[in-house]
Amino acid sequence: MQQNPYGEEPVRLILDLAAQPPCTPSEFAERCVAAGMAIDRPVDDGDLAEILGFLPRWLAVVDADTPERRAALLNALLTDASEHPRLTDHADGGWHIHYRADGLGLAGVVRAVVSVGTALHLTGRGMDRLGRCALLECGRAYGDFTRGGRQRYCSPACANRDAVRRFRARQAARKP
């Protein structure tokens, strides 16, 4: 059975890349491989430049203030990065669906997989399932993968830091 490469993992990958953009083509490749992507061609400076140019466009989807604006921005990414779905059986990986052209470099593949993955995430879980960390000094993007859909922080560390801050503020307010 072939895993769906357009599910949750591409959103997690792009969140990682957005939080700490890669500095070299090899770093970009290593992080993609660590996220489970197969790389079938050399990764070069053009791939790095392409993904670095894509990150602000994807983050604009995160920062959209209405579902309609989020959809419009994501539709533009889908138009630029994806193609009609089709079956493929490359690299002896089993039959699966691609939403991208063949022969793309790593950045093109990541743009397509992330765009489709983000669309599936938002339509499957809710259009509000992307956001920015509620910890004021953080502001990192997050994808809400929780069951209840109430995530407000990018990590447990930020949630804990804010909880401690609120607790200490309440304690200070009680002291005369």
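**Note on helix packing and a pocket in a predicted model**

1. Helices H2 and H5 are oblique to each other, because their axes cross at roughly 45°, and angles from 65 to 115 degrees would be needed for roughly perpendicular. The model is a predicted one. H2 spans residues 25–34 and H5 spans residues 106–125, and their axes come within 11 Å. The crossing in which H2 passes H5 is left-handed.

2. The contact between these two helices draws on Phe28, Ala29 and Cys32 from H2, and on Leu106, Ala107 and Val110 from H5. Sorted by class, the contact of H2 with H5 consists of six nonpolar residues, with no polar and no charged residues.

3. H2 also packs against H1, at an angle of about 150° and with the axes 10 Å apart. Since angles over 145 degrees count as roughly antiparallel, H1 is therefore roughly antiparallel to H2. H1 passes H2 in a crossing that is right-handed.

4. On the H1 side, Leu13, Asp16 and Leu17 make the contact with H2, while Phe28, Arg31 and Cys32 make it on the H2 side. The class composition of this contact of H1 with H2 is four nonpolar, no polar and two charged residues. Phe28 and Cys32 of H2 belong to the contact with H1, and Phe28 and Cys32 are likewise listed for the contact with H5.

5. The second largest pocket deserves a separate point. Its volume is about 160 Å³. The lining is formed by Arg12, Leu15, Asp16, Arg140, Ala141, Tyr142, Gly143, Phe145, Gln151 and Cys154. Helix H1 (8–19) and strand S4 (141–143) are the elements that each give two or more residues to this lining. By class, the lining of the second largest pocket has five nonpolar, two polar and three charged residues. Asp16 is one of the lining residues, and Asp16 also takes part in the contact of H1 with H2.

6. Glutamate 137 lies in the loop between strand S3 (130–132) and S4. Leaving aside residues up to four places away in sequence, glutamate 137 touches Arg161 and Arg165.

7. As to the overall arrangement, the chain contains six helices and four strands. Read from the N terminus, the order of elements is α-α-α-α-β-β-α-β-β-α. Along the principal axes, the C-alpha atoms of the chain fill a box of roughly 70 × 35 × 30 Å.

Terms used: Residues numbered from 1 in each chain as written. Predicted model: local features only at pLDDT ≥ 70, side-chain atom pairs only at ≥ 80, totals over all residues. Heavy atoms only, no water. Axes fitted to C-alpha atoms, helices over the stretch in contact; angles between N-to-C directions. Parallel < 35°, antiparallel > 145°, perpendicular 65-115°, else oblique. Left-handed = near helix turned anticlockwise from the far one by under 90°. Contact = heavy atoms within 4.5 Å. Nonpolar A, V, L, I, M, F, W, Y, C, P; charged D, E, K, R; others polar. 1 Å grid on protein atoms, 1.4 Å probe; cavity = no way out; pocket = protein on both sides within 12 Å on 5 of 7 lines; lining within 4 Å. Points joined across faces, edges and corners; volume = space filled by probe spheres on them.
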